[in-house]
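Subject: Structure handover

Hello,

The structure we spoke about is below, with its sequence. My notes on it come after.

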Amino acid sequence: MDFITKKQITKEVYFLRLIAPASAASVSSPLGPLLGQYGINIMDFCNQFNERTWFIAEGLPLIVDLVFNKPKKEFFFEIRGPLTSSLLLECVDHTNNKIKLQQLYKCCLIKTQNSNIYFNVCKNWIGSFKSYGLHNYLN
């Protein structure tokens with residue numbers, strides 16, 4: 001039976017967190033050079049990523065956790081969800097610079113994807129707006 005030491009694992013398996021646009025991952029910059037320096041098949045990653053994000057609004061920045069084995073050139077990735085800042089920008093009504101509460105709740109649901117913590121996240125976001133002095137902008 002072969003035992004793998006912790007030192008061997010850290011030499012072979014790498015973790016990378018990156019931000020990629022939903023349904024629009026391409027071989028060009030910034031993903032191409034970033035993944036290429038680690039020897040990851042860029043085209044394969046882009047195809048898999050675009051297949052898994054086809055239903056999300058194109059170009060929405062998503063946080064991606066990428067785990068890869070450099071010698072074997074194998075990888076696995078998990079999509080964590082969109083950036084909070086990009087979701088909050090969706091909530092703003094740009095005609096009168098008001099934040100729509102209904103849109104805010106939709107963004108919270110997208111971000112959490114868990115009904116148990118959904119209301120807590122909404123309360124935190126509304127509290128953040130109030131602490132930044134934006135409570136007048138809530139609509």
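What follows is a summary of what was found, taken region by region.

Please keep in mind that this is a predicted model. Local features are described where pLDDT is at least 70.

Strands

Strand 2 pairs with strand 1 in the antiparallel sense, over nine bridges. Strand 2 also pairs with strand 3, again in the antiparallel sense, here over eight bridges. Two bridge partners can be named around Ile63: Ile63 in strand 2 is the partner of Ile19, and Ile63 stands opposite Gly81 in strand 3. Beside that position, Leu62 has Pro82 in strand 3 as its bridge partner.

Strand 2 is mostly covered, with seven of its nine residues buried. Asn69, which lies in strand 2, counts as buried because its relative accessible area is 12%, and the cut-off for buried is under 20%. Leaving out residues up to four places away in sequence, Asn69 touches Glu12 and Glu74.

Strand 2 and strand 3 form a hairpin with four residues between them. Lys73 is found in that loop and has a positive phi near 55 degrees, although Lys73 is a residue other than glycine. Is Lys73 buried or exposed? Lys73 counts as exposed, because its relative accessibility is 59% and the cut-off for exposed is over 50%.

Nonpolar cores

The largest nonpolar core has 19 residues. Those with the most contacts inside this core are Leu18, Leu35, Phe45, Phe49 and Leu66. A second, separate core has twelve residues, among them Ile99, Leu104, Cys107 and Cys122.

Leu66 is worth a look on screen. Setting aside neighbours within four places in sequence, Leu66 is in contact with Tyr14, Phe15, Leu16 and Leu18, with Leu35, Ile40 and Phe45, and with Phe75, Phe76 and Phe77.

The loop between strand 1 and helix 2

Two residues of this loop have entries here. Ser23 is placed in the loop between strand 1 and helix 2. The phi of Ser23 is near 60 degrees, a positive value in a residue other than glycine. Ala25 is found in the loop between strand 1 and helix 2 as well. Ala25 counts as buried because its relative accessibility is 8%, where buried means under 20%. Beyond residues up to four places away in sequence, Ala25 touches Leu31, Cys46, Phe49 and Asn50. Of these, Phe49 is also among the residues with the most contacts inside the largest nonpolar core. Ala25 and Gly59 are 34 residues apart in sequence, and their C-alpha atoms are 8.7 Å apart in space.

The largest pocket holds about 320 Å³ of space. Its lining is made by 19 residues, and the closest to the pocket centre are Ile56, Leu60, Leu62, Pro82 and Ile110. Leu62 and Pro82 are the bridge partners mentioned above. The elements that give two or more residues to the pocket lining are strand 3, helix 4 (84-91) and helix 5 (101-112). By class, the lining of the largest pocket has ten nonpolar, four polar and five charged residues.

Cavity

How many cavities of 30 Å³ or more does a search of the whole structure find? The search finds one. The largest cavity has a volume of about 40 Å³. Tyr38, Gly39, Ile40, Phe68, Asn69, Lys70, Lys73, Glu74 and Phe75 line the largest cavity. Strand 2 and strand 3 are the elements that give two or more residues to this lining. By class, the lining of the largest cavity has four nonpolar, two polar and three charged residues.

The lining includes Lys73, which is the turn residue with the positive phi. The lining also includes Asn69 and Glu74, and these two residues touch each other. Ile40 and Phe75 belong to the lining too, and both are in contact with Leu66.

Regards

Terms used: Residues numbered from 1 in each chain as written. Predicted model: local features only at pLDDT ≥ 70, side-chain atom pairs only at ≥ 80, totals over all residues. Heavy atoms only, no water. Core = buried A, V, L, I, M, F, W, Y, C linked by side-chain atoms within 4.5 Å. Buried < 20%, exposed > 50% of the residue type's maximum accessible area, 1.4 Å probe, protein only. Contact = heavy atoms within 4.5 Å. Pairing = 2+ DSSP bridges. 1 Å grid on protein atoms, 1.4 Å probe; cavity = no way out; pocket = protein on both sides within 12 Å on 5 of 7 lines; lining within 4 Å. Points joined across faces, edges and corners; volume = space filled by probe spheres on them. Nonpolar A, V, L, I, M, F, W, Y, C, P; charged D, E, K, R; others polar.
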